[in-house]
Amino acid sequence: MSRPLVISDCDEVLLYMITHFKDWLEEGQGVNFSLVGNDFGESMRWQESGELVEQADIWRFLRTFFDTEMHRQLPIPGAVAGINALAEHADVVILTNLTDRHRDMRAAQLANHGIHARVFTNQGPKGPALKAIMDEFAPSRAVFIDDLAQHHKSAADTVPHLRRLHLCGEPTLASRIACAHKAGDAHARIDTWDEALPWLMGELAEDTETPLQAAKR
């Protein structure tokens with residue numbers, strides 16, 4: 001019999017990212033970082049001129065950060081214990097929007113923090129990748145955790161029976177980003193692992209039938 005499955009994002013769900021990215025930019029890259037709404041395109045300005053950093057340079061800085069600075073990223077409170085508690089009851093995999101060449105780096109990064117899980121990389125909306133993972137594992141029940149509303153929308157459109165938790169563990173982002181739960185694309189919005197873990201455990205519990213199980217009948 002197949003096991004339950006947890007599919008989790010990494011950045012701002014398991015590990016902080018934006019705060020470490022900001023520190024790195026301001027320490028040595030000649031760039032100030034200050035979020036305007038939740039728009040990266042207006043968040044970065046050259047320290048010397050005050051001009052906005054162009055999109056091509058933004059992507060270059062992001063690539064360089066993940067190439068060389070992933071060691072800076074620290075766990076969000078409760079994330080390591082929470083995801084490992086889930087792993088006692090379910091298969092756990094990570095679906096992260098990084099390039100394929102970062103897959104092993106991300107797996108090693110997470111292992112160094114005590115999270116040992118298979119990593120899937122993706123670019124763009126996550127719905128198709130989620131469907132492929134679901135097809136491979138054929139779980140008895142499944143939960144998806146991500147910090148961005150657009151990925152919950154993609155999941156809802158592509159694998160509607162997948163249970164979805166919108167969790168953003170970075171306080172500077174949590175109040176700025178669109179809420180997938182309010183939009184109807186996530187089943188819950190919980191931004192701390194202390195509160196999220198009981199909800200997730202409930203979704204994995206064997207005494208309730210999930211929509212995924214109902215669809216298989």
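Which residues form one aromatic cluster? The cluster consists of F21, W24, F33, W46, F61, F65 and F66. The structure is a predicted model, in which local features need pLDDT of at least 70, side-chain atom pairs count only at pLDDT 80 or more, and totals for chains, interfaces and linings use all residues. Residues are numbered from 1 along each chain as its sequence is written, and side-chain values use heavy atoms, with hydrogens and water left out.

**Helix α2**

- Helix α2 covers residues 55-68, which is 14 residues; helices (H or I, at least four residues) and strands (E, at least two) are DSSP runs, numbered from the N terminus.
- From its first C-alpha to its last, α2 reaches 20 Å, close to the 20 Å expected at 1.5 Å a residue; the expected span is 1.5 Å times one less than the number of residues.
- Within α2, the residues I58, F61, L62, F65 and F66 are buried; buried means under 20% relative accessible area, exposed over 50%, and partly exposed in between, with a 1.4 Å probe and protein chains only.

**Aromatic rings**

- The count comes to seven aromatic pairs; rings of Phe, Tyr and Trp (its six-membered ring) pair if their centres lie within 6.5 Å, and planes under 30 degrees apart count as stacked, over 60 as edge-to-face and the rest as tilted.
- W24 and F61 form an edge-to-face pair, because their ring centres are 6.1 Å apart and their planes stand at 80 degrees.
- This pair ties together parts that are 37 residues apart in sequence, because W24 lies in helix α1 and F61 in helix α2.
- W24 counts as buried at 5% relative accessibility, and F61 counts as buried at 2%.
- R60 lies over the face of F61, at 4.6 Å from the ring centre; a charge sits over a ring if NZ of Lys or CZ of Arg is within 6 Å of the ring centre and within 35 degrees of the ring normal.

**Cysteines**

- The model has zero disulfides, a disulfide being a pair of cysteine sulfur atoms within 2.5 Å.
- C10 is in no disulfide, and the nearest cysteine sulfur, that of C168, is 13 Å away.
- C10 is buried, with a relative accessible area of 0%.
- C179 is likewise in no disulfide; its nearest cysteine sulfur, that of C168, is 11 Å away.
- C179 is buried, with a relative accessible area of 17%.
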